[in-house]
Amino acid sequence: MRADKAASKEERKGGQFNSLFGEILDWMLAPLLFLWPISIIVTHNVADNIANEPYDRAMAESVRTLARLVVLDDKAVRVDFPAPPRVLFRADRDDTVYYQVADHQGEVVAGDWEIPWVPPPIRLLPDDVLYRDAVIQGEEVRVAYQFMRTYPEPSSPLVLVQIAETRNKRAELASRVVTGVLLPQFAIIPLAVILVWVGLSRGISPLNRLQGVIRRRRPTDLAPISTAGVPEELRPLIVAFNDMMARLEENLQAQQRFIADAAHQMRTPLTGLRMQTELALNESDPEMLHEALTRIALSTQRASHLINQLLTLARAESSSEKIYAVDRVDLEMLVREVALDLYPRAQIKNIDLGVEDTGWPLLIDGNPVLLREMIMNLMDNAIKYTPVGGRVTARTQATEFAILEVEDTGAGIPEEDRERVFERFYRVLGSGEDGSGLGLPIVREIAELHRATVTLKSSPTGTGTMAQVIFPRSYTRRSTADMA
């Protein structure tokens with residue numbers, strides 16, 4: 001518990017502490033808080049339109065009434081008011097009302113000159129009342145206006161009739177509409193936040209239960225977690241977690257097998273080395289002492305080789321993707337380098353060691369350290385089990401795959417043993433050579449890490465064995481500098 005708390009504190013300090021609950025809450029509430037001001041603006045515009053509609057109709061009736069009072073007297077326009085204009089158009093107690101009658105030249109015939117004159121529209125419909133917004137004496141007004149002809153003829157002059165009204169009543173009505181809409185929102189939004197909080201808390205409760213299940217497990221319990229009763233969204237996570245636990249268990253079992261096998265295999269050479277050392281200490285004859293020391297040196301060499309093989313196998317079985325970087329590797333270049341390293345050893349046995357390649361880079365994706373170890377084991381085994389004067393050939397081929405073949409002219413491996421030689425510490429009887437039985441298991445382990453397959457076949461010449469490794473190729477283009 002203390003370790004978990006300490007880890008949580010470290011994550012918070014490092015800025016890496018993330019909350020799924022907080023993320024979902026942010027993504028739900030942030031758009032809501034963003035849209036709220038937009039809804040206020042939209043509501044205000046809608047309220048303005050609602051407030052304008054009844055008052056615009058009333059103004060339209062006033063304009064038509066004023067238009068019916070316009071008469072033509074001796075070709076002069078005048079307005080025949082049945083009552084004082086102030087009584088007809090100035091009776092509003094909340095707003096100031098203006099009226100105006102103007103001829104086709106913009107000259108005011110009757111009413112207030114403050115209302116601006118406007119040109120007639122291109123298309124004029126009879127009894128059509130138009131609206132516009134204007135400013136009179138620094139105050140916003142709503143203007144309703146109508147153009148009418150003094151005579152029925154289409155070419156007769158036009159008379160402009162206008163009614164303007166300040167916006168106090170409209171603003172008050174719009175304010176009441178906005179208030180009536182927004183006041184409930186002030187209660188709804190906090191309630192929505194509370195409901196979202198409660199819903200998310202219940203929604204992530206399966207995560208809390210899953211956390212409790214994992215925390216109650218013993219450190220050695222790697223059994224899969226049951227998906228019964230788990231929400232559908234969490235099942236892929238549980239399945240992936242179970243797969244990871246299965247791979248971890250396999251890795252732990254491999255380590256346990258390695259420790260057991262290493263302890264068993266190291267016990268014999270170390271026991272023999274101790275006995276030979278004790279015999280050498282009790283020997284007084286110089287020749288016998290020299291012979292005992294020679295046996296000790298050979299035993300030490302075999303033990304050193306076994307330890308190196310065990311370490312290589314452990315390295316291949318580990319999560320090498322985390323330790324060693326994967327890169328594009330030229331398989332042919334690796335084969336030539338290993339052949340040069342092993343050439344002196346082949347010369348000692350008078351073995352013809354050759355390389356047959358395509359002459360072009362053969363690219364694969366892999367780790368050069370492990371691939372070099374694999375090629376070294378294949379060619380080293382071939383040289384070891386090939387008699388004096390024999391031949392070992394390392395060959396590469398380029399098809400849709402990258403193929404590596406190591407062929408020798410040794411005694412060969414019986415067909416029934418070709419699969420068993422990939423088991424650790426298994427050695428074919430009667431080979432006449434000392435070995436640890438780890439070379440080919442290392443080869444297969446490295447091949448599997450590189451998604452390659454390794455098989456043993458009879459040599460096409462009829463004598464010896466041919467080991468074949470098939471790799472998937474890397475078709476990523478290399479630059480000229482990389483090719484050089």
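Visitor: Is Ile 442 buried or exposed?
Guide: Ile 442 has a relative accessibility of 0%, so it counts as buried; buried means under 20% relative accessible area, exposed over 50%, and partly exposed in between, with a 1.4 Å probe and protein chains only. Please note that this is a predicted model, in which local features need pLDDT of at least 70 and side-chain atom pairs count only at pLDDT 80 or more, while totals for chains, interfaces and linings use all residues. Residues are numbered from 1 along each chain as its sequence is written, and side-chain values use heavy atoms, leaving out hydrogens and water.

Visitor: Which helix holds Ile 442?
Guide: Ile 442 belongs to helix α11, residues 439-449. Helices (H or I, at least four residues) and strands (E, at least two) are DSSP runs, numbered from the N terminus.

Visitor: And how far is Ile 442 from Asn 377?
Guide: In sequence they are 65 residues apart, but in space their C-alpha atoms are 7.9 Å apart.

Visitor: What about the whole protein: how many helices and strands are there?
Guide: There are 12 helices and 14 strands. The protein has 484 residues, of which 35% count as buried. Among contacts (heavy atoms within 4.5 Å) with a separation of 6 or more, 64% come from residues 24 or more positions apart.

Visitor: New topic, then. In what order do the strands of the mixed sheet run?
Guide: The order of this open sheet of 5 strands is β9-β11-β12-β14-β13, with mixed pairing; two strands pair if DSSP finds at least two bridges between them. The edges are β9 (352-356) and β13 (453-458); each has a single partner strand, so one side of each has no neighbour in the sheet. From one strand to the next, the twist averages 15°. Here axes are lines fitted to C-alpha atoms, for helices over the stretch in contact, and angles run from 0 to 180 degrees between N-to-C directions.

Visitor: How many bridges join β9 to β11?
Guide: β9 and β11 (residues 391-398) run parallel and are joined by 5 bridges. Within this pair, Leu 353 stands opposite Val 392 in β11.

Visitor: Which strands does α9 lie across?
Guide: α9 lies across β9, β11, β12 (401-408) and β14 (465-472), and runs at about 175° to β9. α10 also packs on the sheet and touches β9, β11, β12 and β14, with a direction at about 25° to that of β12.

Visitor: At what angle do α9 and α10 pack?
Guide: Helix α9 (residues 331-348) and helix α10 (residues 368-384) pack at about 40°, and their axes are 9 Å apart. The two are therefore oblique to each other: angles under 35 degrees count as roughly parallel, over 145 as roughly antiparallel, 65 to 115 as roughly perpendicular, and the rest as oblique.

Visitor: Which residues of α9 and α10 meet?
Guide: Those from α9 include Leu 331, Leu 334, Val 338 and Leu 342, and those from α10 include Leu 371, Ile 375, Met 379 and Ile 383. The residues of this contact divide into 13 nonpolar, no polar and 6 charged. Ala, Val, Leu, Ile, Met, Phe, Trp, Tyr, Cys and Pro count as nonpolar, Asp, Glu, Lys and Arg as charged, and the others, Gly among them, as polar.

Visitor: Where is Asn 350?
Guide: Asn 350 lies in the loop between α9 and β9. It has a positive phi of about 55° although it is not a glycine. Most residues other than glycine have a negative phi. With a relative accessible area of 53%, Asn 350 is exposed.

Visitor: Let us turn to the antiparallel sheet. What is its strand order?
Guide: That open sheet has 5 strands in the order β4-β3-β7-β6-β5. Its edge strands, β4 (108-111) and β5, each pair on one side only. Neighbouring strands are turned by 25° against each other on average, direction ignored.

Visitor: How many bridges join β5 to β6?
Guide: 7 bridges join β5 (residues 130-136) to β6 (residues 139-149), and the two run antiparallel. Ala 134 stands opposite Val 141 in β6, and Ile 136 has Glu 139 as its bridge partner.

Visitor: What do β5 and β6 form together?
Guide: They form a hairpin with 2 residues between them, and Gln 137 in the turn has a positive phi of about 50°. Gln 137 counts as exposed, at 64% relative accessibility.
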